[in-house]
Amino acid sequence: MRQKLTIDRGNSAVKAAAWHDNHIIATDIFHSDYAEEIAAFARRHGIGGRFDSAIYSSVGDRAGDIVETIESLSGRMIELSSHTPMPLTLDYRSPSTLGCDRIAAAVGARVVAPDRWLLVVDCGTAVTYDLVSPDGRFVGGNIAPGIFMRLEALNRFTARLPLVDTDGDIPLRGYDTETALRSGAVMGVVAEIEYYHRHLPSPDAATVITGGQAALVADKVSFDTVVEPNLVSIGLNRIIDYNENI
């Protein structure tokens, strides 16, 4: 049984997952003191505080302290980039600018819904909509503001609109300013998912949704979706396995 550690550093937090082969045994999310929190997570869930393999993915600049910590916790560490060997072909004009989270989510989507056209939706700080082919090509995709970003922008760039959160009623049509703002942000993302779904190349295509706001939008679309909160971690684990078999 192989012990593996996947680290996904997003825009606002770091998500760690400990694996036994292809099974997640523990996850945690950190919002500060990332290197120390990762080391503590390893002490709790690694064998003797260590893992056979680890992978680090980041949407931002390289964090040397995190990389050094992960290297010290594992026998082999991969720092994900567009040059990392992976079971995905990047048909993207500028692969070096493609976010590692989008790469890992696309790989993860092929694990949970293999051999199909895939719309991969990540509802986080930003919302990404990516298309993956049945033969494993990352065809391309779009980036839009996330739900919280939309709500914050409406408050910041207007004179009188309040800042509201996502907790509360989300009617199709708002009946006061609060519900108008909340529904406009949430249902706007729902409408985008519906639009990209209509333009999928195959009726057998699957839509896979992940991210912190996945549950908020998934039950509002008019078709079945696959909701996988650990999609990026699943993709990172698959990339570890791919590199150990080449």
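This is a predicted model: local features need pLDDT of at least 70, side-chain atom pairs count only at pLDDT 80 or more; totals for chains, interfaces and linings use all residues.

Reader: Thanks! How many helices and strands are in the chain?

Author: The chain has seven helices and eleven strands. These are DSSP runs numbered from the N terminus: helices are H or I with at least four residues, strands are E with at least two.

Reader: And what is the radius of gyration of the chain?

Author: It is 19 Å, close to the 18 Å that the globule rule gives for 246 residues, so the chain is as compact as a globular protein of that length. The radius is taken over C-alpha atoms, and the rule is 2.2 Å times the number of residues to the power 0.38. Along the principal axes, the C-alpha atoms fill a box of roughly 55 × 40 × 30 Å. As for burial, 49% of the 246 residues count as buried.

Reader: Nice. How many aromatic pairs are there?

Author: A search of the whole structure finds four aromatic pairs. Rings of Phe, Tyr and Trp (its six-membered ring) pair if their centres lie within 6.5 Å; planes under 30 degrees apart count as stacked, over 60 as edge-to-face and the rest as tilted. One of the pairs is Phe30 with Phe41, which is edge-to-face at 6.3 Å centre to centre and 70° between the planes. This pair links distant parts of the chain, with Phe30 in strand S3 and Phe41 in helix H1, eleven residues apart. Phe30 is buried at 3% relative accessibility, and Phe41 is buried at 0%.

Reader: Which ring does Tyr129 pair with in a tilted arrangement?

Author: That partner is Tyr196, at 4.7 Å centre to centre with 35° between the planes. Tyr129 lies in strand S8 and Tyr196 in helix H5, so the pair ties together parts that are 67 residues apart in sequence. Tyr196 is partly exposed, with a relative accessible area of 24%. Ring pairs also join Tyr129, Tyr195 and Tyr196 into a cluster.

Reader: Switching topic: how many salt bridges does the count come to?

Author: The count is ten salt bridges, where a salt bridge is a side-chain nitrogen of Lys or Arg within 4 Å of a carboxyl oxygen of Asp or Glu. Among them is Asp241 with Lys4, whose closest N and O atoms are 2.7 Å apart. Asp241 sits in helix H7 and Lys4 in strand S1, 237 residues apart.

Reader: Are Asp241 and Lys4 buried or exposed?

Author: Asp241 counts as buried at 15% relative accessibility, and Lys4 counts as buried at 2%.

Reader: What about Glu178, which residue does it bridge to?

Author: Glu178 forms a salt bridge with Arg182, the closest N and O atoms being 2.6 Å apart. The two are four residues apart in helix H5, so about one helical turn separates them. Glu178 is partly exposed at 41%, whereas Arg182 is buried at 1%. Elsewhere, salt bridges that share partners join Asp91, Asp135 and Arg137 into one network.

Reader: How many disulfides are there?

Author: The count is zero disulfides, a disulfide being a pair of cysteine sulfur atoms within 2.5 Å. Cys100 is in none, and the nearest cysteine sulfur, that of Cys123, is 20 Å away.

Reader: Last one: where is Pro85 found?

Author: Pro85 is in the loop between strand S5 and strand S6, and is partly exposed, with a relative accessible area of 36%. The C-alpha atoms of Pro85 and Asn243 are separated by 6.5 Å, although these residues are 158 residues apart along the chain.

Conventions. Residues are numbered from 1 along each chain as its sequence is written. Side-chain values use heavy atoms; hydrogens and water are left out. Buried means under 20% relative accessible area, exposed over 50%, partly exposed in between (1.4 Å probe, protein chains only).
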